[in-house]
Amino acid sequence: MNVDVILGLQWGDEGKGKVVDVLTPNYDIVARFQGGPNAGHTLEFENQKYVLRSIPSGIFQQGKINIIGNGVVLDPALFKAEVEALEESGHPLTDRLFISKKAHLILPTHRLLDAAMEQSKGDSKIGTTGKGIGPTYTDKVGRNGLRVGDLFHNFEEKYKKATARHIEMLAQYDFEYDLEEIEAEWFAGVEKLKTFNIIDSENYINKSLVTGKVLAEGAQGSMLDIDFGSYPFVTSSNTICAGACTGLGIAPSKIGDVFGIFKAYCTRVGSGPFPTELFDEDGQQMRDVGREYGSVTGRPRRCGWIDLVALRYTVMINGVTKLVMMKSDVLDAFETIKACVAYNINGEETEDMPYDITENIEPVLVELPGWKTDMTKMQSEDEFPEEFNNYLSFLEEELGVPIAIVSVGPNRAQTIIR
């Protein structure tokens with residue numbers, strides 16, 4: 001069996017959680033391969049709304065194993081809160097959630113360092129969520145990190161050494177903090193973490209491929225990839241398909257379908273370039289209708305027209321085989337739909353993603369007629385209006401990949417497979 005991969009093609013917040021939940025019945029295992037609790041996957045079904053931070057989005061389907069892979073960074077305190085919220089809503093976890101021994105731990109001092117470094121940047125802030133993601137990945141690459149498996153191997157000594165090093169670093173900043181308070185919460189989370197199955201996930205996944213099907217779930221989006229995103233306004237991990245290999249221990253030859261998720265328009269949270277961003281009523285309408293506010297942070301998302309230069313680029317580097325278009329219904333009331341098909345950079349037009357998109361870029365926009373139809377109640381593609389079908393055909397021609405799934409609302413049931 002192969003591992004299918006599902007990931008975001010824009011700047012995150014594309015709606016990956018909902019699609020993972022919809023596709024999970026077709027798989028035996030859902031495995032998260034990178035990122036941390038700064039990513040919130042929102043799912044809605046049976047009149048309930050759930051926000052997942054570290055736990056894979058297949059957790060609501062009975063009889064399925066969910067794995068937090070080695071490429072993930074995990075905060076025990078936030079993990080404990082997430083687990084308890086799900087357990088209170090009637091979803092048992094201990095028999096269906098496994099955790100990789102090689103996943104790195106976000107320490108309390110990582111969160112403090114994150115906040116201190118962001119504060120010191122002033123107007124040059126990256127827009128971090130302050131969850132300690134960057135410092136944890138920095139320690140991982142610098143070979144100073146602590147992993148989940150370390151909890152069972154002389155952990156107290158390792159923890160004290162790492163914390164002492166971080167306190168020395170914090171002394172460089174004008175930053176006040178209370179470590180003792182957040183440590184108590186963190187160690188309570190460690191005890192909760194220990195009640196779960198902690199495994200050599202790479203062995204488990206590869207042995208499972210003999211008879212089972214695996215879906216690898218990414219966090220954030222491809223334009224936030226540490227190597228190929230809009231650097232330095234990116235996350236600290238590889239969000240693209242290659243990250244599923246390193247984040248789960250699977251060979252490239254084992255990758256099957258790659259589901260690339262995008263919105264019918266485009267959003268971004270925090271700082272960084274955004275060539276198609278709208279500052280007018282259209283942008284505000286997208287934000288309001290699409291409820292474009294961070295599921296973890298509550299921050300309003302920046303909104304704009306779909307960027308096909310960026311999408312062609314992320315389709316290419318991910319090897320996308322099937323596209324999934326989310327939030328089509330957000331554009332239901334628009335008279336005209338616009339799409340960026342090229343960039344004008346200092347008078348020269350290009351369809352390729354340039355090295356830097358921070359300045360002197362004008363989006364080249366084309367206009368298409370809107371469908372002016374409420375699509376939220378539709379249950380099959382036979383009901384799609386002609387203008388919407390034309391929009392789908394336009395996107396498929398521009399991107400060279402079929403759109404296999406269309407979402408017409410936030411609920412699990414509002415998902416149309418073509």
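The following legends describe close-up views of a predicted model.

**View 1. Packing of helices α3 and α4.**
Two packed helices are described by the angle between their axes and the distance between the axes. Helix α3 covers residues 108–120, and helix α4 covers residues 133–141. Their axes come within 7 Å and cross at roughly 115 degrees. Helix α3 is therefore roughly perpendicular to α4. The crossing of this pair, α3 and α4, is right-handed. On the α3 side, the contact is made by His110, Leu113, Asp114 and Met117. On the α4 side, Ile133, Pro135, Thr136 and Asp139 take part. By class, the residues of the contact of α3 with α4 are four nonpolar, two polar and two charged.

**View 2. Packing of helices α3 and α5.**
Helix α5 comprises residues 155–170. The axes of α3 and α5 cross at roughly 15 degrees and come within 9 Å. Because angles under 35 degrees count as roughly parallel, α3 and α5 are roughly parallel to each other. The crossing of α3 and α5 is left-handed. Helix α3 contributes Pro108, Thr109, His110, Leu112, Leu113 and Ala116 to the contact. Helix α5 contributes Tyr159, Thr163, His166, Met169 and Leu170. The residues of the contact of α3 with α5 comprise seven nonpolar and four polar residues, with no charged residue.

**View 3. Packing of helices α5 and α6.**
Helix α6 runs over residues 179–193. Helices α5 and α6 pack at an angle of about 150 degrees, and their axes are 14 Å apart. The crossing of α5 and α6 is right-handed. From α5, the residues that make the contact are Phe155, Tyr159, Thr163 and Ile167. From α6, they are Leu179, Glu183, Trp186 and Phe187. Six nonpolar residues, one polar residue and one charged residue form the contact of α5 with α6.

**View 4. The second largest pocket.**
Rolling a probe the size of a water molecule over the atoms shows where empty space is left. In the second largest pocket, this space is about 260 Å³. The pocket is lined by 15 residues. Of these, Gly229, Ser230, Tyr231, Tyr355 and Asp356 are the closest to the centre of the pocket. The lining is made up of 10 nonpolar, three polar and two charged residues.

Proline 232 lies in the loop between strand β10 (214–217) and helix α8 (242–248).

**View 5. Aspartate 13 and its positive phi.**
Aspartate 13 is placed in the loop between strand β1 (3–8) and helix α1 (16–23). The phi angle of aspartate 13 is positive, at about 65 degrees, although this residue is not a glycine.

Note on methods
Residues are numbered from 1 along each chain as its sequence is written. This is a predicted model: local features need pLDDT of at least 70, side-chain atom pairs count only at pLDDT 80 or more; totals for chains, interfaces and linings use all residues. Side-chain values use heavy atoms; hydrogens and water are left out. On a 1 Å grid over the protein atoms alone, a cavity is a set of points where a 1.4 Å probe fits but cannot get out, and a pocket is an open set with protein on both sides within 12 Å along at least five of seven lines; lining residues have an atom within 4 Å of a point. Grid points are joined across faces, edges and corners, and a volume is the space filled by probe spheres set on the points. Ala, Val, Leu, Ile, Met, Phe, Trp, Tyr, Cys and Pro count as nonpolar, Asp, Glu, Lys and Arg as charged, and the others, Gly among them, as polar. Axes are lines fitted to C-alpha atoms, for helices over the stretch in contact, and angles run from 0 to 180 degrees between N-to-C directions. Helices (H or I, at least four residues) and strands (E, at least two) are DSSP runs, numbered from the N terminus. Angles under 35 degrees count as roughly parallel, over 145 as roughly antiparallel, 65 to 115 as roughly perpendicular and the rest as oblique. A crossing is left-handed if the near helix is turned anticlockwise from the far one by less than a right angle, and right-handed if clockwise. Contact means heavy atoms within 4.5 Å.
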